[in-house]
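Colleague: I would like to learn how to read a helix and a pocket in a model. Can we walk through one together?

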Amino acid sequence: MDHAYISSNATILAVLTGICAFYFWLEKATRWPLFNYVPPLVFIYLTPVILANSGNVLTHFRDRGAEKPATAAPLAAIPNVLPTESPAYDVINDYALPMMLVLMLLNVDVAGAVRVVGKGVGVMLIGALGVVVGAVVGYACVKQWLGPDAWKAYAALTGSWVGGTGNLAAVAEATGANGTQFGLAVLADTALLLIWLPVMLASKKIAEPFARFAKVDAERVAHHDAMSAATQLDGRPPNYQDFLLLLFTAFAVTAFALWSTQSLTAKFAEYDRVWPVQFSESTARILLITTISIGLSFTPLRHVPSSRHLGMALVFVFMARTGATADLAQAADQAVPFLVGATICIFIHGFFCLAAAKVLRVDIHTAAIASAANVGGIATASCVAAHHKESLMPAAVLLALLGYAIGNYAGLLTAAICESL
């Protein structure tokens, strides 16, 4: 563990969870307009980055401005507030992340999304393919200006733009992305959403000409609007039995996945073999947890309330942990070319969404919500639905949840392709 003012595992965990709680409290208590453009997620990531790099930055400026004889002993480094390495971070990585995946994916209703949204699911899936293609093209265009492992950042960004923040974290862990690569993905995810969200909202103005262009069936649109409006997403409030059942399920799936992948690794070692380059033990564990959790979503466990909320709480703790392991200097050096590649990615995604809407004869309202469900997740998709058609709010949530289900697969597919480049 590196030298830092805070080194106790319990204190580190208290600081990270306190940072998460503080920014959500601040958003609710102040209602600052800033949070409409820069979500708490960004501050939850950046605050540990600053705390874990504070001593390094102060030491750099102190030494650069100090005048001392060449023979003088070097001054002692100023400690950081948080360490960049700690057993507490390992615990979050090994247990909180897989548990988060289980809790979030239990809430997915694949059959319900297909039934309510209809061809809108097709638009979202093709839009997700557009994110994968866009990430590969964007990375190929700018990789000469990036570090050798920048493909991991594009894989994590793909996970986020197909699913959500939880997928970003899962794909980053599966590919072994460090804090710097994670930071680049968070930067692009946040910055480009500020551009893409107004585009999705403004698309409402072309609803009529687009409907004529795509030859949209008005009766089909009215039918799905009615089905979506009739969908009830809110359930009963949770109780302690629900939390115990959710925690048991998350622990059990995590334990099984850890045991399975460790056993397979041991079996490989027995025959003097290793995992393929693009398919590490971490990758296998994330894919196994994702697949098991989606399978469990078809059981009555899907109806246990608050699984997604509990999962999101773990996501934000993981985000804070990742920020504490980031290298500020490396992220700054690669930020501009990475954003250029990410911009290429998001516009290719938009083209795929429009092409899918044309081919499937889907209205611009549904297409915009499908894109927002990919790029922004539940909150963004709900915002776009409220602007376009309030009756589509439940459909927006269902599409975003479906994105969570496929985000890890899409991110790891992107990783395999980009690494081969």
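**Reading a buried helix and a pocket**

Modeller: Start with α17 (377-388): Gly377, Ile378, Thr380, Ala381, Ser382, Val384, Ala385 and His388 are buried. Buried means under 20% relative accessible area, with a 1.4 Å probe and protein chains only. Helices are DSSP runs of H or I, at least four residues, numbered from the N terminus. This is a predicted model: local features need pLDDT of at least 70, side-chain atom pairs count only at pLDDT 80 or more, and totals for chains, interfaces and linings use all residues. Residues are numbered from 1 along each chain as its sequence is written, and side-chain values use heavy atoms, without hydrogens and water.

Colleague: What covers the buried residues of α17?

Modeller: Contact means heavy atoms within 4.5 Å. Here the cover includes α9, α14, α16 (364-375) and α18 (393-420).

Colleague: Which residues lie nearest the centre of the largest pocket?

Modeller: A pocket is an open set of points on a 1 Å grid over the protein atoms alone, where a 1.4 Å probe fits, with protein on both sides within 12 Å along at least five of seven lines; lining residues have an atom within 4 Å of a point. In this model, Pro39, Leu193, Gly376, Ala379 and Thr380 lie nearest the centre, among 32 lining residues.

Colleague: Which helix gives the most to that lining?

Modeller: α9 does, with seven residues. α17 is one of the helices that each supply at least two.

Colleague: Where is proline 83 found?

Modeller: Look in the loop between α3 and α4 (87-105). Proline 83 is buried, at 0% relative accessible area. Its C-alpha is 5.7 Å from that of alanine 52, 31 residues apart along the chain.

Note on methods: Buried < 20%, exposed > 50% of the residue type's maximum accessible area, 1.4 Å probe, protein only.
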